[in-house]
Amino acid sequence: MTLTLQQLNSATPAEALHLLDGLYEHSPWIAEQAIAQRPFASLAALKHAMVTVLAHASLDAQLALIRAHPELAGMAMVSQSLTAESTNEQTRAGLTNCTPEEFAHIQQLNAQYNAKFGFPFILAVRGPRGTGLPKREIVATFERRLGNPVDFERAECLRHIHRIAEIRLNDKFGFEPAVGNEVWDWHEHLSRHSDPEFAERGELTVTYLTDAHRACAADLVVRMRACGFDEVNIDAVGNVVGVYNASPLPPASEGVKTLLTGSHFDTVRNGGKYDGRLGIFVPMACVKQLHAAGRRLPFAFEVVGFAEEEGQRYKATFLGSGALTGHFNPAWLDQQDADGVTMREAMLHAGLPGTLEAIGALKRDPSKYLGFVEVHIEQGPVLNEMDLPLGVVTSINASVRYLCEAIGMASHAGTTPMNRRRDAASAVAELALYAEQRAAADGDSVATIGMLQVPGGSINVVPGRCRFSLDLRAPSNAQRDALERDILAQLHAICERRGIGLAAEETMRAAAAPSAPAWQAHWENAVSVLGVPLHRMPSGAGHDAMKLHEVMPQAMLFVRGQNSGISHNPLESTTSDDMELSVRAFSHLLDQLATEHKH
């Protein structure tokens, strides 16, 4: 029998506990404590109630839960003593059909893992879509996680236990995240396009106007038309633009404003499938639902797949969104890629006009737009660690970058006394420790020295030169400026004390993009309606919303990433359940706007 929330909310505590039996392996106490929080407004609220129970449990209780789980493809499987739920999950992943060699390798991994951590390896083997992970991915994940620190891995096991419980709960309620599954499949389909060399290695790389990039654009055009967009085109910089007209339909809708949304479909080299693309597919799914229902909004809805955001082929970040704000730099057209192909030549090869006149015509009139909203995978660990599916962005951080060189004196490592050295690398090391401490003392600020090089360095030579980068970010311009001022002052003081010369070049400065209060409130209302706890957070990464912020109000919604929220990496992932919630949140935002803008 399929369970309903009404049944669960109205049942006696004993009946409710029986209804939720089997969610957490041999650990009914989690469901028992969660039941005390009834009534549940949504399935998402029930899921989070159980997450909260476990988060507040003692370390001993958490370890007992982990240890209640069977080893992956372990002897319990052979002896057929797994619970029915575990048998079903391991069967779906093909773990009940291992070759002798595969079984032996997994047994070896189990032994190594238990020796290091003292508890069994836990993995939600049904995966982010609920259909089961391939054995090779399971084994690769097992091998990778063996390198984790103990505390981190314990938390990762608990996160996978919650994912297992989420899938089991979906089964009990007969719930399938059908829209989330479809959006997940769209990402998989688009990811089959990758630039040469990367494609041969099974890596995802899509850079501006390559054949793979143009194939992605063509796919998006087909998909948008299938979803029911009224107008779909590829513009003069390669953006894919879809418009779902307002009610009344044109020309009667003349003067009606437009809601703008979207994100980028290019990737970094060997990147992930969801960075940017999630922000295109989620609103597309909303349009598909609107079209299927024969429903129009009192405003037009424009979804843009921005052609370029990452700056991988040309040094022209935010090219796609910048064209819409009128910030396309004419000098970019003559920029050459690594093969000597200019951007103008790449545009002409792609069938684009390649003229400033055509590009200039893309500039949007902000007075005709309500604003810009963007959905994006978080690209960080916060939501993942908090076991929250969604987060509302308060501001996109301000940032500044420097390329620097410390200049000391190269000398013999054996004969130069410690008090006679002018060690350039040690000066930078001292700065790195200060920057780490200074940023940590300043809420939500971050400081990174990501590049650290000793040109011509040798094992027996005191470093005479050290090239390094500085990347400083904070939620507001003032906070960034204070961080920058303190770190640069410390850098100069270190160099002066150590007798080190310094060259520093500012290479980038971007202003903070705080969310428009009214638009942030729309996202907050949309998340709250779902029964998901509201979490507000800054964005440490830059997004297309930063460009649109220059001309119209904007606000963003983050979606939890798996694997510690890693991004710009093949391990970047999210679940179809979280995608489903993001589509529903976007639909709620559209409903709020529709109520506000009724004619």
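Author: In this predicted model, a network of salt bridges links Arg480, Asp481, Glu484, Glu506 and Arg509. The count of salt bridges comes to 36.

Reader: What makes the contact between Glu430 and Arg497 a salt bridge?

Author: The N to O distance between the side chains of Glu430 and Arg497 is 2.6 Å. The cut-off is within 4 Å, for a side-chain nitrogen of Lys or Arg and a carboxyl oxygen of Asp or Glu; therefore the pair qualifies. Glu430 belongs to helix α18 and Arg497 to helix α19, so the bridge ties together parts that are 67 residues apart in sequence.

Reader: Why is Arg497 called exposed, and why is Glu430 called partly exposed?

Author: Exposed means over 50% relative accessible area, and partly exposed lies between that and 20%. Arg497 has 54% relative accessibility and therefore counts as exposed. Glu430 has 22%, so Glu430 counts as partly exposed.

Reader: How do you know that Glu188 and Lys273 form a salt bridge?

Author: Their closest N and O atoms are 2.8 Å apart, and the limit is within 4 Å. Glu188 lies in helix α11 and Lys273 in the loop between β3 and α13, so this pair joins parts that are 85 residues apart in sequence.

Definitions and conventions: Residues are numbered from 1 along each chain as its sequence is written. This is a predicted model: local features need pLDDT of at least 70, side-chain atom pairs count only at pLDDT 80 or more; totals for chains, interfaces and linings use all residues. Side-chain values use heavy atoms; hydrogens and water are left out. Helices (H or I, at least four residues) and strands (E, at least two) are DSSP runs, numbered from the N terminus. Buried means under 20% relative accessible area, exposed over 50%, partly exposed in between (1.4 Å probe, protein chains only).
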